[in-house]
Amino acid sequence: MNNKKQCRFCANPLQHTFVDLGMSPMANSYLKAEQLQRMEPFYPLHTYVCGKCYLVQLPEFESPEHIFSDYAYFSSYSDSWLKHARDYTDRMISRFGFDQHSQVIEIASNDGYLLQYFKEKKVPVLGIEPAANVAEAAIAKQIPTIVKFFGTGTAGELADEGRHADLLLGNNVLAHVPDLNDFVKGMKIALKQHGIITMEFPHLMRLMEENQFDTIYHEHFSYFSFITVKEVFASHGLKIFDVDELSTHGGSLRIYACHSDNSSKLIEQSVSALIKRENDTGFNKLEHYVSFAEKVKQTKRNILDFMIREKERGKSFVGYGAPAKGNTLLNYCGIRTDFIDYTVDRSPHKQGHFLPGVHIPICEPDKIKETRPDYLVILPWNLKDEIMEQMSYIREWGGKFIVFIPVVRVID
Ligand SMILES: [Zn+2]
């Protein structure tokens, strides 16, 4: 247990609250019926902003081995995510010309959902994945995978075997890394002289603009603006030469980096344009970050105010989905079965379980046809359109959809 509150990048003491969501259980620890009567661990969900480098972060409180050892999420289950991976592969090959002589290494390669597309194009691949059960699924698909956390240790072992990456990539891993400096230093070691790094992660600017405080949970240690991530990479001898803004996960960045002394890569205009936009918005000032907390508290009051009023009128609520972000929101707002009767999820891994902390049961979607709720609360707001289409039949009995983020909104 490490309780020191120091910036994980620059070691400056952490004194400024970004947002404090109170005590919350681990967002992915769904419970079985027999666990409901037992004690349940809750951990502080209190994020800080570093007064020196402006990295927004959750201090480390639990070993990453515990967090990831039983990680049930398999990337290949999502069609839209597979399409994203295929498009990425085509783009990288056409822009940088990777072929059978190149080496692609993916950090947190999951079940091989992305590397399979490089393999199809005969580009040699290697996955690095800490969750053993997920890595096994990749190996079964003939995607070479090492079961390890990535950092200077793993990068050094690869280097000793003469393995370096022409393309080193990591999607939705940078935010999950407890030892950020060791991770980025490891990327520097694992990268070939003219190699390219790409990393995708949620963009803090979008989190703040769109009030996505529910994407804060214990597995997410860092929340990056572009100016801060650029500084982190620069301090380890890596330069960011291009950036794409993506719509995934509520708004993400894909950064492109190479060794700082690689003169073959010129810095694209996208880099200075995004720096300017962030600075104009206030990301170079502490006040901008600390102003977010009040907006979050106001959102909680608005959500509860709406639900109390509708419950008083005899209306019923059911949830749709059981995403990690839903667990943050429901625990922070104290919404239990007194407000939401049950939630539904298409994943058979979640059905029959209960949401952590709030103990709302997770049922299969057809239950909605039996109980005909007045409101269906869409917890994964990023999939709102898809879910409203799937569940449009609730309108037959006058049922309405509702999202809470960025603001409480009823959709008739
Ligand atoms: Zn810092």
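**Terms and values in a predicted model**

Me: Which residues is Leu330 in contact with, leaving aside its neighbours within four places in sequence?
Reply: Leu330 is in contact with Ile335, Ile340, Leu355, Val358, Ile360 and Leu379, where contact means heavy atoms within 4.5 Å. The model is predicted: local features need pLDDT of at least 70 and side-chain atom pairs pLDDT 80 or more, while totals for chains, interfaces and linings use all residues. Residues are numbered from 1 along each chain as its sequence is written, and side-chain values use heavy atoms, with hydrogens and water left out.

Me: Why is Leu330 called buried?
Reply: Buried means under 20% relative accessible area, exposed over 50%, and partly exposed in between (1.4 Å probe, protein chains only). Leu330 has 0% relative accessibility and therefore counts as buried. Leu330 belongs to helix α12 (residues 324-333), helices being DSSP runs of H or I with at least four residues and strands runs of E with at least two.

Me: What makes the arrangement around the zinc ion tetrahedral?
Reply: The zinc ion is coordinated at 2.3 Å by the SG atoms of Cys7, Cys10, Cys50 and Cys53; donors are N, O and S atoms within 2.8 Å of the metal (3.2 Å for Na, K and Ca). Four donors count as tetrahedral if all angles lie between 85 and 135 degrees. Here the angles are 99 to 122°, so the arrangement is tetrahedral.

Me: How do you know that Cys10 and Cys50 tie together parts that are apart in sequence?
Reply: Cys10 lies in the segment before β1 (16-24), whereas Cys50 is in the loop between β2 (43-49) and β3 (56-57), so the pair links parts 40 residues apart in sequence. With 21% relative accessibility, Cys10 counts as partly exposed; Cys50, with 0%, is buried.

Me: What makes the link between the side chains of Asp166 and Lys192 a polar contact?
Reply: A polar contact is a pair of N or O atoms within 3.5 Å, one able to donate a hydrogen and the other to accept it. The Asp166 and Lys192 side chains are joined at 2.9 Å. The Asp166 side chain also reaches the backbone nitrogen of Gln103 at 2.8 Å. Asp166 lies in strand β7 (residues 165-171) and, at 16% relative accessibility, counts as buried.

Me: Why are β6 and β10 called edge strands?
Reply: The open sheet has seven strands in the order β6-β5-β4-β7-β8-β11-β10, with mixed pairing. Edge strands β6 (145-146) and β10 (238-246) each pair on one side only. Two strands pair if DSSP finds at least two bridges between them; β10 and β11 (residues 252-259) have eight, in the antiparallel sense.

Technical notes. Tetrahedral: all angles 85-135°; square planar, octahedral: opposite > 155°, others 65-115°.
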